[in-house]
Amino acid sequence: MNAFFNALHALFATEPHNAFYSAIGGRFSYGEALPQGAKPYAVFFGVTSLPTDTFSEELDDFSFQVNVYGSGTYQEVAVILSHCRALFDGAVLTVNGYDIMITREMQTPPWRDGDLWAAAIEFSTIIQET
């Protein structure tokens with residue numbers, strides 16, 4: 001799974017930068033917010049029971065979630081979420097001999113979280129050994 005998250009981040013950071021990267025200023029981290037506290041930003045993490053270091057089946061699936069945060073408006077976070085969806089929904093990554101197709105599963109509309117606006121999108125994947 002670590003290899004998948006590295007490939008996911010590489011897709012995010014590919015130059016020229018995509019709209020999602022530009023909207024959050026490149027602030028996309030695994031598991032927790034970046035320490036400098038700059039906003040907007042996004043965090044991604046696995047929502048799965050698969051082992052974290054490898055894929056082991058010829059055909060498998062798992063889910064991951066991306067949360068976006070901003071200090072602006074509801075609309076700002078909604079636009080960032082749409083850029084995230086456009087980048088990852090339908091993407092295919094090849095990781096360690098496996099093709100992984102990403103599809104959007106569900107998303108939440110932005111909500112207020114203290115002084116931030118937040119929203120989440122969950123993606124499912126289909127993993128097939130090549």
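Reply: The following account begins with the chain as a whole and then turns to the aromatic rings and their surroundings.

The model is a predicted one. Its protein chain contains 3 helices and 7 strands, and the order of these elements from the N terminus is α-α-β-β-β-α-β-β-β-β. The chain has 130 residues, of which 40% count as buried.

The aromatic pairs number 18 in the structure. One of them joins Tyr30 and Phe44 in an edge-to-face arrangement, with 5.5 Å from centre to centre and 70° between the planes. Tyr30 belongs to strand β1 (residues 28–30) and Phe44 to strand β2 (residues 41–47), so this pair ties together parts that lie 14 residues apart in sequence. Phe44 has a relative accessible area of 3% and is buried, because a residue counts as buried under 20%.

Phe64 is buried, at 0% relative accessibility. Phe88 is likewise buried, with a relative accessibility of 0%.

The residues of both pairs belong to a cluster linked by ring pairs, which consists of Phe4, Phe5, Phe12, Phe20, Tyr21, Phe28, Tyr30, Phe44, Phe62, Phe64, Phe88 and Phe123.

Helix α1 (residues 2–13) has 12 residues and spans 16 Å from its first C-alpha to its last, close to the 16 Å expected at 1.5 Å a residue. Its buried residues are Phe4, Phe5, Ala7, Leu8 and Phe12. Viewed down the axis of α1, the buried residues fall within an arc of 160°, so they line one face of the helix. Phe4, Phe5 and Phe12 are also among the members of the ring cluster.

Within α3, the residues Val77, Ile80, Leu81, Cys84, Leu87 and Phe88 are buried. They cover an arc of only 120° around the axis, which puts them on the same side of α3. Gln75 and Ala86, on the other side of α3, are exposed. After α3 comes Gly90, which has a positive phi near 90°.

Arg27 is located in the loop between α2 (19–23) and β1. Arg27 is buried yet has no salt bridge, and Glu76, the nearest side chain of opposite charge, is 7.6 Å away. A salt bridge would require a distance within 4 Å. A polar atom of the Arg27 side chain does, however, lie 2.8 Å from the backbone oxygen of Pro40.

Val47 is found in strand β2, the strand that also holds Phe44. Val47 is partly exposed, with a relative accessibility of 35%. Although Val47 and Ser124 are 77 residues apart in sequence, their C-alpha atoms are 9.3 Å apart in space.

Methods. Residues are numbered from 1 along each chain as its sequence is written. This is a predicted model: local features need pLDDT of at least 70, side-chain atom pairs count only at pLDDT 80 or more; totals for chains, interfaces and linings use all residues. Side-chain values use heavy atoms; hydrogens and water are left out. Rings of Phe, Tyr and Trp (its six-membered ring) pair if their centres lie within 6.5 Å; planes under 30 degrees apart count as stacked, over 60 as edge-to-face and the rest as tilted. Helices (H or I, at least four residues) and strands (E, at least two) are DSSP runs, numbered from the N terminus. Buried means under 20% relative accessible area, exposed over 50%, partly exposed in between (1.4 Å probe, protein chains only). Lys and Arg count as positive and Asp and Glu as negative; His and the chain ends are not counted. A polar contact is a pair of N or O atoms within 3.5 Å; within protein, one must be able to donate a hydrogen and the other to accept it, and residues adjacent in sequence count only if both atoms are side-chain atoms. The expected span of a helix is 1.5 Å times one less than its number of residues. The arc is that of the directions from the helix axis to the C-beta atoms.
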